[in-house]
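User: Please go through this model with me, giving for each term the criterion on which it rests.

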Amino acid sequence: MSAVLSATPPVLAAIGLMLVNGVVLIYMLRKVLGHLHLRLGPMHVGPKGIVQTTADVLKLLSKEDIKPNGVDRWMYVLAPVIVFVPSLMAYAALPFSETLRITRLDTGLLYTFAVLSLVPLGVIMAGWSSANKYALIGALRAAAQQVAYEVPLLLSVLPVVMIVGSLDLGEIVAFQTGVWMGVVPRWFVLLLLPSFVIFMISALCELNQTPFDMSEAESELVSGFATEYSSMKFGLIFLSEFSNSFVISALAVTLFFGGWTLPFVPESILVPIAPIVFVTKTYIGIFVFMWIRGTLPRVRIDHLMNLGWKWLIPTSLAWLMLVGVVVKLVAPGGVG
Amino acid sequence: MWGKGIITGMRITMRNMLRGPITVKYPYEKLELPERARWAVAPTYDEEGRPKCTACMACIRACPDHILDLEVTTREDKSKHIEHYSYEIGACMMCGLCVEACPFDAIEMSHDYELARIDPAELTYALLAHVDAAPAKRARPAAEPKPDPAEPAPAVPAEPAGEEAADE
Amino acid sequence: MTDLRDTVLTHALQAEGTFGPGKAPAGIKRIPKGVDGLATEHLVVNIGPQHPSTHGVLRLVAELDGEEVVNVEVAVGYLHRGIEKLGEHRRYHQLGTLMDRGDYVSGIHCELAAALATEQLLDVEVPPKAQWLRSLMGEINRIASHMVWFGTFGLDIGAMGQFLYAMREREALVDVLESVTGQRMMFNYVRPGGVLDDITPDAEQKLRTFMRTIDAYIDEHHALLGGNEIFQKRVRGVGIIDRDTALSFALTGANLRASGIPYDVRRDKPYSAYGELDFDVPLGATGDAWDRYLVRMEEMRQAARMIGQCIDGLPEGDVMAKVPKVLRPPAGEVYACVESPRGEVGVHLVSDGSDTPYRFHYRAPSLFAMQVLEEIIPGNLLADAIMLVGSVDIVLGEIDR
């Protein structure tokens with residue numbers, strides 16, 4: 001019983017973080033896209049439109065919950081839940097600082113990827129159960145895309161795991177503290193740049209973000225797999241999407257950009273502000289995602305499949321082998 | 001290098017983002033319309049505040065969509081009284097042909113573009129109602145009065161008298 | 001067909017690595033039906049008439065085999081307003097207001113076609129200043145219309161940024177048009193006999209400011225969208241319209257020139273001031289969507305060049321010939337055509353001597369461009385279908401009239 005009680009505050013914190021994150025990210029997305037497009041974004045509701053997302057959430061809550069005729073009832077209701085819950089679970093292993101985590105998992109990285117790979121299941125269920133051809137097309141595209149890119153996503157981070165020797169996200173961050181030659185921070189993005197590039201591309205595919213947002217291609221399929229959803233079910237799917245982008249960006253920051261560490265700042269200053277550093281870096285990553293979203297056109301589904309199967313997987317395998325050989329040669333006794 | 005175009009594109013959007021937005025915060029800020037802008041038709045008035053319209057019906061004939069309609073009563077002294085000069089702004093396409101057709105500059109294309117109404121019945125309203133039409137002669141001072149074919153031809157100017165005077 | 005002279009290529013528009021005459025893009029393997037006992041079925045999907053990107057109210061009934069479009073049928077008529085019938089009840093100087101609303105994005109060219117037809121029937125000579133003003137406004141409208149095409153083409157492919165950048169350019173031009181004609185879109189500016197009014201100094205100032213930056217902006221737009229590798233991969237080699245198809249479908253304008261046939265009404269049957277202006281007509285090589293894109297981008301640059309020449313070379317004089325208030329052309333029929341941004345806009349006018357036409361026919365280039373879609377879309381993916389609708393640049397107002 002006490003285990004459940006002691007586990008409740010972190011879980012509530014995770015839920016709270018997810019909700020706050022959703023609110024902030026929706027506003028940030030609209031503002032960033034607006035400014036990229038020479039316009040202002042929300043300005044009306046609250047000073048500079050800050051209260052806009054709250055108004056939107058209240059609107060979503062007050063909408064009629066429509067269930068179209070002909071949908072597969074249980075799958076239709078369950079699909080948003082299956083999309084949402086893994087996104088929440090993925091927060092569990094993220095290291096906000098040395099000591100601040102939802103829970104300490106030895107297999108944090110594997111757990112996060114495993115949980116995130118449940119989201120495509122929910123997407124397919126959502127598209128299939130809506131009695132709508134466009135939703136079906138969107139769901140099948142998502143199935144092909146998200147399932148295919150799970151492989152390069154994981155393969156590209158294996159070099160990181162090989163060098164660090166552990167799947168624990170905290171260990172990976174700890175490995176990246178300090179500097180080389182007094183100047184260059186020991187971040188993996190500099191050491192393993194191809195891994196980072198492959199990870200970024202696969203991450204964009206997993207998140208269904210432009211340039212890989214075929215499953216919600218607005219100019220073709222209106223809303224893709226989520227077309228037939230309204231009110232809070234749509235809200236859950238939407239929230240899960242933003243939450244995923246936070247998780248993936250946080251993973252990128254953890255794996256490649258040193259997590260909550262900063263290279264030249266002494267420990268005493270760093271430890272209290274570590275969560276802030278972590279969240280700031282994550283949000284910079286999310287800003288880059290939004291920047292890409294506002295600029296690039298959409299990739300066609302067969303080009304995407306080609307890219308994934310014919311280019312990313314062989315490249316990440318080759319890179320993995322190369323890193324393995326180098327690690328064995330350079331540090332035959334194992335890296336710390 | 002593959003990907004160079006993508007990176008250039010991203011630099012372009014960032015550059016545009018830093019240039020700042022170009023939008024106008026309507027309705028708090030409104031742009032000024034150029035002089036020739038054509039929006040709702042409005043009647044014009046002379047210095048004493050009387051409408052310049054003489055009820056000549058040129059605009060009624062000029063309108064392609066038959067939006068204008070003028071009800072006029074003529075008194076015994078040939079002066080006209082405009083009962084109702086109705087204008088269907090809901091159907092008007094602001095082509096300006098009525099204003100071009102008016103010989104008296106009695107209507108103009110105003111700059112009023114905030115024309116939305118809640119009740120569709122309000123989209124047909126009267127430009128002028130229950131006013132006296134301006135007399136045609138007064139409003140056209142520059143035009144030559146046309147010779148009436150019933151009258152005899154005007155007298156030849158008194159040149160012979162001048163010559164006679166010079167001869168004297 | 002007019003005599004096809006050699007044209008000048010201003011850029012190397014030869015696309016590299018395009019496909020041969022077949023229509024299927026690389027990477028699509030068609031699984032024959034009945035393989036491994038797998039029974040499949042074609043999905044019939046309605047794209048439109050309410051759709052975020054069908055350039056108006058166009059309905060495409062697409063038969064899909066997975067993602068590939070096997071057959072497409074175009075259904076139009078959702079925007080029919082009876083323009084040709086209404087034209088029989090309008091006087092000749094009011095026909096411009098009807099033509100404006102056909103191709104609403106390029107109103108000057110459509111009004112010009114009607115005015116040219118009426119002038120040919122009346123045998124009226126238009127003063128030179130009006131001719132130059134018509135060309136000037138026409139080229140301004142050409143850039144504005146191509147900006148709409150450019151923005152919506154990118155939107156169809158998924159890029160959102162350049163739509164608003166194109167609208168920024170268009171806004172400057174539409175401001176100029178508003179200063180001169182009085183309205184942003186339905187100009188009613190070109191009349192039989194001339195134009196409505198002269199260009200104002202204010203508008204000329206705005207134009208000169210615009211001219212200073214337009215070339216740099218067009219280069220920026222080309223770098224943003226055309227330079228993008230994802231865009232190029234989606235657009236190169238897709239939707240090839242070969243010469244025979246283009247000719248048999250009576251395509252005109254950029255669609256025809258991208259297929260390699262050098263026909264431009266401004267050069268081959270000059271009207272207004274085009275005989276005296278110096279411009280090149282870009283020509284494509286293969287007729288795929290990439291060539292159509294390049295041809296239109298180059299047309300924008302040439303239009304900017306012509307605007308510069310028109311502002312500097314504007315002659316003095318009247319803007320309107322002496323025409324009676326109510327036009328009564330003698331009985332006869334005439335066909336007058338102009339080069340609008342979409343192709344050859346023509347007006348076939350039959351007069352019976354009264355003050356309204358007997359028959360008023362509006363030849364819309366988008367109608368033929370839309371028909372060629374049924375030829376080029378099958379064999380491509382659904383995503384390409386949307387992209388191809390954007391690449392042939394149709395406006396539904398013209399198609400349905």
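**Criteria and conclusions**

Analyst: The secondary structure of chain C comprises 14 helices and eight strands, where helices (H or I, at least four residues) and strands (E, at least two) are DSSP runs numbered from the N terminus. This is a predicted model, in which local features need pLDDT of at least 70 and side-chain atom pairs count only at pLDDT 80 or more, while totals for chains, interfaces and linings use all residues. Residues are numbered from 1 along each chain as its sequence is written, and chains are lettered from A and ligands numbered from 1 in the order in which they are written.

User: Why is C:E344 called buried?

Analyst: A residue is buried if 20 or more other C-beta atoms lie within 10 Å of its own, exposed if 12 or fewer, and partly exposed in between, with C-beta atoms placed from the backbone. C:E344 has 23 C-beta neighbours inside 10 Å and therefore counts as buried. This residue lies in strand β7 (residues 343-351) of chain C. In chain C, 55% of the 401 residues are buried.

User: Which residues does C:E344 touch, not counting those up to four places away in sequence?

Analyst: Two residues are in contact if their C-beta atoms, placed from the backbone, lie within 7 Å. With residues up to four places away in sequence left out, C:E344 touches C:T252, C:G253, C:V265, C:C337, C:E339 and C:P365. The C-alpha atoms of C:E344 and C:I199 are separated by 26 Å, the two residues being 145 apart along the chain.

User: What makes chain A as compact as a globular protein of that length?

Analyst: Chain A has 13 helices and two strands. Its radius of gyration is 21 Å, close to the 20 Å that the globule rule gives for 336 residues, so chain A is as compact as a globular protein of that length. The radius is taken over C-alpha atoms, and the rule is 2.2 Å times the number of residues to the power 0.38. The C-alpha trace of chain A spans about 65 × 55 × 45 Å along its principal axes, and 46% of the 336 residues count as buried.

User: What makes β2 and β5 of chain B edge strands?

Analyst: Strands pair if DSSP finds at least two bridges between them. The open sheet of three strands has the order β2-β3-β5 (chain B), with antiparallel pairing. In this sheet β2 (68-74) and β5 (124-132) of chain B each pair on one side only, and they are the edge strands. Strand β3 (residues 80-88) of chain B pairs with β5(B) in the antiparallel sense over seven bridges; B:H81 has B:D132 in β5(B) as its bridge partner.

User: How many residues form the contact between chains C and A, and of which classes are those of chain C?

Analyst: Chain C contributes 28 residues and chain A 23 residues. The side of chain C that touches chain A has 16 nonpolar, six polar and six charged residues. Here Ala, Val, Leu, Ile, Met, Phe, Trp, Tyr, Cys and Pro count as nonpolar, Asp, Glu, Lys and Arg as charged, and the others, Gly among them, as polar.

User: How is the confidence in chain B expressed?

Analyst: It is given by pLDDT, the predictor's confidence in each residue, from 0 to 100. Chain B averages a pLDDT of 79, and 80% of the residues score at least 70. Over residues 150-168 of chain B the pLDDT is below 50, and this stretch has zero contacts in the model beyond near neighbours in sequence.
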